Structure formats: C-alpha cells, structure tokens
Amino acid sequence: MTTQTMGARRGRLLEIWKPEDKAFWEREGEAVAKINLWISVPALFLAFAIWQVWSVVAVSLPALGFNYSTNQLFWLAASPALSGATLRIFYSFMVPLVGGRRWTAISTASLLIPAIGIGFAVQDNTTSYPTMLILALLCGLGGGNFSSSMANISFFFPKERKGSALGINAGLGNLGVSVVQFLSPLVVTAGIFGIFGGEAQTITRNNQTVQVWTQNAAFIWVPWIALASLAAWFGMNDLADAKASFAEQAVIFRRKHNWLMCILYLGTFGSFLGYAAGFPLLIKSQFPGVNPLAYAWLGPLTGAAVRPFGGWLADKLGGAKVTFWNFIVMTIAVGGVLVFLPHGPLGGSFAGFFMSFLVLFLTTGIGNGSTFRMIPVIFQTQKLREVDASDREAVARATREANTEAAATLGFTAAFAAYGGFFIPKSYGSAIALTGSPDAALYVFIVFYLLCIAVTWWHYARRNAPMPC
C-alpha cells in the first residue's frame, strides 16, 4: 500500500476516492468497492425480507383466528410499502449526512424492531387490528433501507460499472422478497427455536388439525440482522467525497429529470414491489382452490434474479432503449393477466394467469436495472455539458456534483416508486370491493405503462432525444 493510500484512510473513512481514475480503480478502488458491495447485498436482502414478510403473514392470519376482512388484509399487505416509501424520502439523503457505513449498520439494526414485534404478536389471535397495522407499518423500516443502500453503492463505482453494480446490489437484495415467501411456509412447520420461540398455534388445514409456529416467519431473521449490522459497522467504509448537506442534495427537486425518472421507476420498481406484495392475496381471491404460497414466491424470484441482467444489458445497449421496449412488454403482459382471470361463469386459467405474471415480474426486474442505469448517466451528461471539457478542475468538480445529485435522485426515485408497493395491492382490494373483480385496477396499470412508454421515447430513446442515455 502506498504512502498516499495510507494517508487517504482515517479509520473506516476514505478521504480520497477517485473511481473514474483508471489507475486508482485498478490499484485499490475496485477491491474496496467490491467489499462494500458484498456487505451491502445481504443487508439489503434482509431489509427486503422484513419489508415483505407481511405478504406472507397476512395470508396466514385468518387460519390463526384473526377475524379481519379481505380489505383489512390487503391493507396489512400494503401498509409496509406505504411507510417504506415515506421513510425512503428521508433515507435518500442520509448517506451524505451520516456516512454509508454508519447508516447501513444503524438502519439494518432497526429491522430487529418489527422482526421481534411480529414474532410475539402473531402468537395471540386477540391482538388488536391497530396493533397489527402498526407492526405492518414498522416493516417499512426495511423499505427505507433501499434508498440509502443504492445511493451509497453508487458512490463507489465508475460510470461504466454503475449499472452492473447497482443491478447486483438491488437484484440480490430483492431476492429477500421471494425467499421470505418461499422460506416462511417451511420454517413455521417446526419449533426450531425451542423454548425461546414460543408456543405452537393449532390450525385446520385440508380437514386436518396441525400445529404451526407462525412466529418463526419473523424470528428466523433476527440473528442474521444482528450479524449483518456488525459486518456493516466493522467492514464497510465511509467516503469523505460523499459528504453533502441536505441543501446540496435538495437541488434535485429543481431538476426535471429527477421527476421524469420518478415516473419511470414507479413503473418498474413500483410494479415489482406492488405485484410482490399483492400476488399471494390476489391468487387466493381469484383462484380459491390454489395454495398461493406454493406459487407466489416464484414471481419476485424471477424479477429479482433478472435485475442484474437488466443493469448489464443497459450498460451494453443503453438504458433508454432497454427501458422503452421493456414497458411495451409489460403492457402486453398485463393484458395477458386480464385475459386469464376468472370472469363470470368462466373460471379463468390459473396457468395462463401465472405465466403472464411471471413475464410481468421478469420485465419489472429488467426495467429496474435499466432505469437505475439511466440516472447516473443523465446527471453526469447534464453536468459535463455545462463545463469546458479541457478544464480538468471544472470536469472534476462537475463529476463530483453529478455523483451527489445522481445518488440523491437514485434514493428519491426509489422512495417515490415504493408507493407502487402500496398502490397496487390496495388497488386490487378497492377494485374487488367495488366491482367484485380486480380488472379495473389492471386497466389503470395499462394506461400508466402507456404513459411511461411515451415519456421514455420522447425524452430519452428517440432519435435526437434531448437526453440520450
């Protein structure tokens, strides 16, 4: 390690960080960036697991003796997205204020609150609905983590690697959604925590009385959350160059492209969250003879697994081009869902419904990667247009400002998009309550995707677009 490099470190704080300098990147930057990325991934994975645990718990509550209406259950499934989206607005600006290492450790540790709270609450079916609603809202702590995590990782990587790095962080993190839906039905079948895990509940399943430990769906994450918090505190780094006041970051609210990308990311990531949160209850309400937990986890798994590919594809072909065609396929997939839903005396086709949703989840994953790749490119291009390319000091200053604004925009668009996780399942519940069918909600989604196609084409994807990316 060189003297300059040693002087650039103060504890876990890196005072010199120049990822766009190829010599610096190859000498030491890449190794440090990868360490921070690979600690960030499991922390974000756990955040998504806690955020989406209600999508499983809500389905199980009626069998446990909780007398909640269908609309109340959809509220429970949707509430974590509502609180998570709101928290993301604040989390978007925390990394430059507090430091990426510190904030990752603190925000990950906060997940212990809902994990432990839910584990105790589900053991007593006299727990009031307001209490359960508060616990559902506390799951939003996991949702807030995404904005700060993505903003933090964006600082570590050069422009040509941001799409892939953000895709890996988000894609593997998003796997928490599918894993919680897959793992929960398995861990509740045994008292794996012994005397520390509480008593079993008795339910009737397929005309047979069985014992379950529903609290395990939440308790299973507690030790891993503790370990991830410690790993973040002792293994990650804070960046001096990433420091910025709220005022310096708040400039994004005057940037047109911040708001345009909010719309597009609502269409991709908001769709992923909303479909994941509402999928189990939608299956249960439309196809009563199907066990939703046997299938629901495959959708989020597909979307999460393909997200790194979406980032890589956008790095190769351009984010705008990938995003444009992706929204077209999303629109067609929603049409497929409509075709295969039950209508009147027609029982629908679960196979067609399920395959249409898998395509929809696939496109949300690709679109998540491509839209997040667009943001750093947009802000760097915009800033560099404002300076003389031959003025190295001006270019360096513009690059720093672009990174700060792009990181804040990454976080804020993620906050805005997370409201899709509330809107979609709540739209299902409202449409079913008013019309007896979710069709009206799906038609609204199609109209919104058509708007996204128009925005992407006009501003970013067409020939001579004002901001090609």
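1. The structure holds 45 aromatic pairs, a pair being rings of Phe, Tyr and Trp (its six-membered ring) with centres within 6.5 Å; planes under 30 degrees apart count as stacked, over 60 as edge-to-face and the rest as tilted. One of them joins Phe253 and Trp259, a tilted pair at 6.2 Å centre to centre with 35 degrees between the planes.

2. This is a predicted model, in which local features need pLDDT of at least 70 and side-chain atom pairs count only at pLDDT 80 or more, while totals for chains, interfaces and linings use all residues. Residues are numbered from 1 along each chain as its sequence is written, and side-chain values use heavy atoms, leaving out hydrogens and water.

3. Phe253 is partly exposed, with a relative accessible area of 31%, and Trp259 is likewise partly exposed, at 36% (buried means under 20%, exposed over 50%, partly exposed in between; 1.4 Å probe, protein chains only). Trp259 belongs to helix α13, residues 256-286 (helices are DSSP runs of H or I, at least four residues, numbered from the N terminus).

4. Phe269 and Phe272 are stacked, because their ring centres lie 6.3 Å apart and their planes meet at 20 degrees. The two stand three residues apart in helix α13, about one helical turn. Both Phe269 and Phe272 are buried.

5. The charged end of Arg307 is 5.3 Å from the ring centre of Phe372, and Arg462 lies over the face of Trp458 at 3.8 Å.

Definitions and conventions
A charge sits over a ring if NZ of Lys or CZ of Arg is within 6 Å of the ring centre and within 35 degrees of the ring normal.
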